[in-house]
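Reader: Please pick one part of this model and look at it closely. Go through it step by step, then set it in its surroundings.

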Amino acid sequence: MKVAGIVVSARKEGNCLHCVKYCLDKLNKIGFDTLLVNFYEYNITPCSHCNYECYAEVIRNQKEECPIQDDVPKIYEMLENMDLFLFAIPCYGGHVPALYRAWNERVAHIPGKTDIFKKFEDFQRVYLRKIWGFIVIGNLTAAADITLHEILSDFYNAPPPEAILLQAREYGRVSLKGDLIEEKAVKERLDRFLNLLLKRIKRIKM
Ligand SMILES: Cc1cc2nc3c(=O)[nH]c(=O)nc-3n(C[C@H](O)[C@H](O)[C@H](O)COP(=O)(O)O)c2cc1C
């Protein structure tokens, strides 16, 4: 099976990258093909300065192409052949990062650029069902629970993924330092999270 680890931080290296790498290394050792996608490396812009070309068939009865030139279609193509996705997402200002919102808006509305999403329902059927896990970084005292629920709310109509919330405070650390992975208890938490994912994979294969 092929698993993609997707890092959704504004910076290149921090807790999200370390946690995803930790998980991918473990999965790789037990036979998974792995791909790391760090959003830092790409240009991802929100829906803006358009004329709802993605809904042109509904509005103007014709096909039109999204005018936004960014890396979302390219990233989606990279992910298309993967079997499952694992995201690591930080809490920013009590919410999901704008980068994640931008990605979700755009990836759900890129018909014409890939053959996969002819309509929004295809996004729910194909893309959301491949997302099996979220690692959320943030403190409950700073609204990280809201971030987690924002993320999970996208799955109201699809199987819910596994999710863990890693609070730096719980380990006496400051998340901005990006060194949570040095904590043995964090690694153990990630191991348990991976076990949950593996159980799910076994269930699907049976
Ligand atoms: C712009 C910004 C806003 C943040 N807001 C919050 C917050 O509201 N709650 C929280 O628990 N952590 C907050 N943090 C801390 C990050 O969630 C934390 O540093 C996390 O480790 C970032 O991911 P990274 O290490 O992969 O970059 C914020 C960090 C930044 C840069």
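Author: What follows is a close look at the sheet, and then at the parts around it.

This is a predicted model, in which local features need pLDDT of at least 70 and side-chain atom pairs count only at pLDDT 80 or more, while totals for chains, interfaces and linings use all residues. Residues are numbered from 1 along each chain as its sequence is written.

Start with the terms. Helices (H or I, at least four residues) and strands (E, at least two) are DSSP runs, numbered from the N terminus. Two strands pair if DSSP finds at least two bridges between them. Strands of a sheet pair through backbone hydrogen bonds, either parallel or antiparallel.

Here the sheet is open and has five strands. Their order is β2-β1-β3-β4-β5, and the pairing is parallel. The edges belong to β2 and β5 (162-166). Each has a single partner strand, so one side of each lacks a neighbour in the sheet. From one strand to the next, the twist averages 15 degrees. Axes for such angles are lines fitted to C-alpha atoms, for helices over the stretch in contact; angles run from 0 to 180 degrees between N-to-C directions.

Now β4 (131-137). On one side, β4 pairs with β3 (residues 84-90) in the parallel sense, over six bridges. In this pair, F85 stands opposite I131 of β4. Helix α6 packs on the sheet and touches β3, β4 and β5. Contact means that the C-beta atoms of two residues, placed from the backbone, lie within 7 Å. The direction of α6 makes about 165 degrees with that of β4.

How enclosed is β4? Six of its seven residues are buried, so the rest of the structure largely encloses this strand. Burial is a count: a residue is buried if 20 or more other C-beta atoms lie within 10 Å of its own, exposed if 12 or fewer, and partly exposed in between, with C-beta atoms placed from the backbone.

β4 also pairs with β5, again in the parallel sense, over five bridges. F134 has A163 of β5 as its bridge partner. I135 has I164 of β5. The chain runs from β4 through α6 to β5, and this β-α-β crossover is right-handed. That label applies if, with the strands pointing away from the viewer, the path from the first strand over the helix to the second runs clockwise.

Look next at the loop between β4 and α6 (144-153), where A143 sits. Phi of A143 is near 70 degrees, a positive value in a residue other than glycine. Most residues other than glycine have a negative phi. A143 counts as partly exposed because 14 other C-beta atoms lie within 10 Å.

H49 also has a positive phi, near 50 degrees. Its place is the loop between β2 (33-38) and α2 (56-59). H49 is exposed, with 8 other C-beta atoms within 10 Å. E41 lies in the loop between β2 and α2. E41 counts as exposed, with 11 C-beta neighbours inside 10 Å.

Then the ligand. Its shell holds 20 residues, and the closest are G14, C16, P90, G138 and A142. By class, the shell has ten nonpolar, nine polar and one charged residues. Ala, Val, Leu, Ile, Met, Phe, Trp, Tyr, Cys and Pro count as nonpolar, Asp, Glu, Lys and Arg as charged, and the others, Gly among them, as polar.

R125 belongs to helix α5 (residues 120-127). R125 is partly exposed, with 14 other C-beta atoms within 10 Å. R125 and A158 are 33 residues apart along the chain, and their C-alpha atoms are separated by 7.6 Å. K199 belongs to helix α7 (residues 184-205). With 11 C-beta neighbours inside 10 Å, K199 is classed as exposed. The C-alpha atoms of K199 and Y127 are separated by 21 Å.

Definitions and conventions. Near = placed C-beta within 6 Å.
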